[in-house]
Amino acid sequence: MCGIAGFLDNTKGKKKIIKNMTDRIAHRGPDAEGFYTDEYVALGHRRLSIIDLSTGNQPMFNEDESLVVVFNGEIYNYPELKDKLKKKHKFATTSDTEVLLHGYEEWGKDLPKKLRGMFAFAIWDKKNKTLFCARDNFGIKPFYYYQNEDVFMFASEIKSFLEHPSFKKEFNQDILASYLSFSFTPTNETFFKNVYRLEPGYSITIKDGEITKDRFYKIEFNEKSRSYDKAVKEIADAMKDSVEHHMLSDVEVGSFLSSGVDSSYIVSLAKPSKTYTVGYDIPEYNEIDYAKDLTDKLNITNISKKITKDEYIKIIPKIMYMMDEPSSDPAAIALFFVAQLARKDVKVVLSGEGADEFFGGYNTYGESKYMRMYNKIPYCIRHMIAKIASIFPEVRGINFLIRQGTTLEENYIGVNRVFGHNEIKKMLKLKNQIDNKNITAPIYEEQKGKSDIIKMQAIDINFWLIKDILQKADRMSMANSLECRVPFIDKKVFGVASSLPANYKISASTTKVALRDAAKTVIPNESYKKRKLGFPVPLRKWMRDEDLYTEIKTTFSKDFVSEFFNKEYIIKLLEQHKTEKKDNYKKVWTIYCFLKWYEIFFIENKQYN
C-alpha cells in the first residue's frame with residue numbers, strides 16, 4: 001500500500017515539486033520514497049512495504065527502462081500472472097508491481113481486465129510519450145486527477161495537488177446540496193474545482209494533452225437459478241478463496257473485528273493472530289465483549305480500546321483533513337482509532353466492508369408487512385398522497401408516504417439519505433445545485449428492467465460503498481500507515497453475490513440470508529445471527545452534552561457560515577436535538593462536518609500529520 005502522485009507539464013524544478021507532492025501524503029508510505037522525472041513527466045511514490053520488502057521500491061522500470069510505473073495497492077493474483085508472463089519477460093523482483101509493467105507490455109490497455117485486487121497506478125511510456133492510468137473494479141484504492149490549461153496531475157489524495165504551483169484551489173459549490181442529501185460527495189466531481197476522481201473500472205490514457213477514457217469493468221447483476229444449498233456452498237468457496245488471496249503478504253496480517261457476521265466471518269476464515277476492536281463506555285455502543293467471545297473460541301488475540309468523548313471530539317479536524325472531502329459518517333472516526341490501535345502491531349489488516357451491499361444487508365431492500373399492505377392501494381392514489389405529503393415537513397410517517405408513492409428512480413438515492421430536497425431549499429443559500437436524480441440516473445439506466453432490490457444494491461454499491469465506505473476505509477487506515485484489505489470486495493465474490501436470487505439475500509426476518517448460512521459453517525459462536533452495528537458511535541447522545549453542543553453551535557455561528565446556510569435554520573436544528581424535540585443528529589452532524597472541512601482547507605489552510 002502506498003501513495004502515488006505525478007504530473008505532465010513543462011514546469012521547471014519537477015523533482016522538488018513532486019517531492020513536495022508526495023511529502024504531503026507521506027503517511028501513506030513512510031518506509032521509502034522514489035521519483036522519476038524527465039522533460040515531460042514527473043512521477044512520485046511513497047512506499048509502505050508489504051510484498052518484496054528488499055527489491056520492491058518504486059518508481060519501477062521494465063528491462064529496457066522504456067516503461068516506468070508508480071502503483072498503489074495489491075494484486076492478489078500476481079503469482080498466477082507472473083507464471084504466464086515469465087515465459088516471455090524477465091523479472092528482476094518478486095513484487096506484484098513488476099507484473100504491471102510486463103503485463104502492460106503484453107496486454108496494453110487490457111491489463112486491468114486481468115487483475116484481481118485493489119489498485120491505482122500510472123505507467124509512463126517513454127517511447128510513445130503516453131501516460132496510462134487505471135483504478136480497480138470497485139474503487140477500493142483512490143485516484144484523483146486535475147486538468148486545467150496545460151497541466152495534468154494525479155494523486156492518491158487531493159491534498160497532494162496543493163503543492164503544485166499550477167494548481168488553482170477553488171471551492172466547487174455546485175455539489176453542496178448533493179452532499180447534504182448523501183452525507184458524502186456522490187459525484188465524480190469533487191469539492192475542488194477541476195479535480196475529479198477516476199471512476200472504478202476505468203482507465204485513462206493521456207497523450208499530447210488529450211485524455212481518452214476506457215471502461216474495463218462494469219458492475220452487473222444476473223440472477224441465476226440454483227438450489228439454496230448450492231448457492232451457500234458457492235459463497236463459502238468464494239469467500240475461502242478470497243480470504244486466502246488477501247492473506248498474501250511478507251508481513252503479518254491482522255484484522256478489524258466488530259460483533260457482526262461480516263468481520264466475524266473473515267476472522268473465522270483467516271484466523272489472524274491479532275484482531276482489533278473499539279468500543280465505548282456506553283453498553284449499547286460497545287462491541288468489545290462480543291469480539292472477545294469470538295476470539296476466545298478461535299484461540300486468537302483481541303486487542304481493544306474504549307474511545308472517550310473527548311478523544312472523539314478532539315480528533316475531528318484531523319479526520320476532515322485526512323478525508324480530503326467532507327464526510328459525515330460517524331464511523332470514520334471510530335475507524336481512525338481502531339487503525340491507530342492496529343498499527344502498533346501490524347502493517348496490514350482485513351476488514352468486512354462490502355458484505356451488506358453485495359449480499360443484501362439492509363432492511364430497506366425488503367418489504368415490511370406495512371409496505372405490502374399499503375402497496376395494494378393503486379399507484380395513482382399513492383402518487384397523489386405522496387404529492388400532498390411532500391408539502392409537509394419530512395418525518396418518518398411522511399417519508400414513508402412519499403417513498404411508497406413515487407418510483408424508486410425518483411426517490412431512492414441510497415441507504416443513508418440525510419436531507420430531502422425541500423429542506424435543503426429552506427436552509428441552503430446557494431443556487432444552481434446538481435439535481436440528485438441526474439446523479440443517480442446513469443446507474444438506474446444501467447439496471448433498467450432489473451428488480452427493485454438490484455437497483456437499490458447498484459445505487460448503494462456505486463455511491464454509499466464506493467464513495468463513502470471505501471473512501472473512509474482507505475483514508476483512516478492510511479492516515480495511520482496501515483494497509484486495509486477487504487476480502488468481500490473481490491470480483492470472484494461479487495460474481496457469486498451478483499447472481500443470487502432476491503430471496504437468498506433478504507427475507508421477512510433477516511438480511512444476508514445465504515451469506516449468514518455460509519458463515520455459520522465456520523463461525524464458532526452466534527455472530528452469524530447478529531445484526532450489523534459496525535463500530536457504532538454514541539454521537540446522538542453526545543450531541544446533547546454541553547461540550548459537543550457548544551462546539552457545534554460555535555461553529556454554526558461563525559461569519560463564513562452565512563455564505564452557505566441560513567444560520568437561524570441550522571441552529572434551530574441543533575436546538576431541537578439538544579432539547580429532544582427531534583432527533584436531528586444526522587442532519588446537524590452533516591452540516592458540522594462540511595463546515596469543519598471548509599474551515600481547514602479554505603480558511604485556515606492547515607496541515608495535520
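I started at Ile388, which counts as partly exposed because its relative accessibility is 46%. My cut-offs here: buried is under 20% relative accessible area, exposed is over 50%, and partly exposed lies in between, with a 1.4 Å probe and protein chains only. Before going on, I noted that this is a predicted model, where local features need pLDDT of at least 70, side-chain atom pairs count only at pLDDT 80 or more, and totals for chains, interfaces and linings use all residues. Residues are numbered from 1 along each chain as its sequence is written, and side-chain values use heavy atoms, with hydrogens and water left out.

**Patch around Ile388**

Ile388 sits in helix α13, residues 379-389. (Helices are DSSP runs of H or I with at least four residues, strands are E runs of at least two, and both are numbered from the N terminus.) I found Ile388 in a nonpolar surface patch of about 520 Å², together with Ile381, Met384, Ile391 and Phe392. A patch takes residues with over 30% relative accessible area and no salt bridge, joining like charges within 9 Å and nonpolar side chains (Val, Leu, Ile, Met, Phe, Trp, Tyr) within 5 Å. The areas are Shrake-Rupley values with a 1.4 Å probe, and for residues only the protein chains shown count as cover.

**The open sheet**

Next I traced a sheet of 5 strands, open and parallel, in the order β15-β14-β13-β16-β17. Two strands pair if DSSP finds at least two bridges between them. β15 and β17 (483-485) are the edge strands with a single partner each, so one side of each has no neighbour in the sheet. On average, neighbouring strands are turned by 30° against each other, direction ignored. The axes behind that angle are lines fitted to C-alpha atoms (for helices over the stretch in contact), and angles run from 0 to 180 degrees between N-to-C directions.

I then checked individual pairings. β14 (residues 274-279) and β15 (residues 301-306) run parallel and share 6 bridges; Gly279 has Lys306 of β15 as its bridge partner. With helix α8 (residues 288-298), these two strands make a right-handed β-α-β unit. Right-handed means that, with the strands pointing away from the viewer, the path from the first strand over the helix to the second runs clockwise. β13 (residues 253-256) is joined to β16 (residues 348-350) by 3 bridges, also in parallel, and Ser255 stands opposite Leu350 there.

**Salt bridges**

My search of the whole structure gave 48 salt bridges, each a side-chain nitrogen of Lys or Arg within 4 Å of a carboxyl oxygen of Asp or Glu.

Which residue does Asp474 meet at 2.9 Å, N to O? That is Arg28. Asp474 lies in helix α18 (residues 452-478) and Arg28 in the loop between α1 (14-23) and β2 (32-37), so the pair ties together parts 446 residues apart in sequence. Both residues are buried.

Asp474 also meets Lys141 in a salt bridge, at 2.4 Å, N to O. Lys141 is in the loop between β7 (130-135) and β8 (144-148), 333 residues from Asp474. Asp474, Arg28 and Lys141 belong to a salt-bridge network that also includes Glu157, Lys159, Asp324 and Arg475.

Most residues other than glycine have a negative phi, and most peptide bonds are trans. I logged a cis bond between Gln58 and Pro59, with omega about 0°. Asp208 has a positive phi near 55°, and at 67% relative accessibility it is exposed. Glu580 has a positive phi of about 65°.
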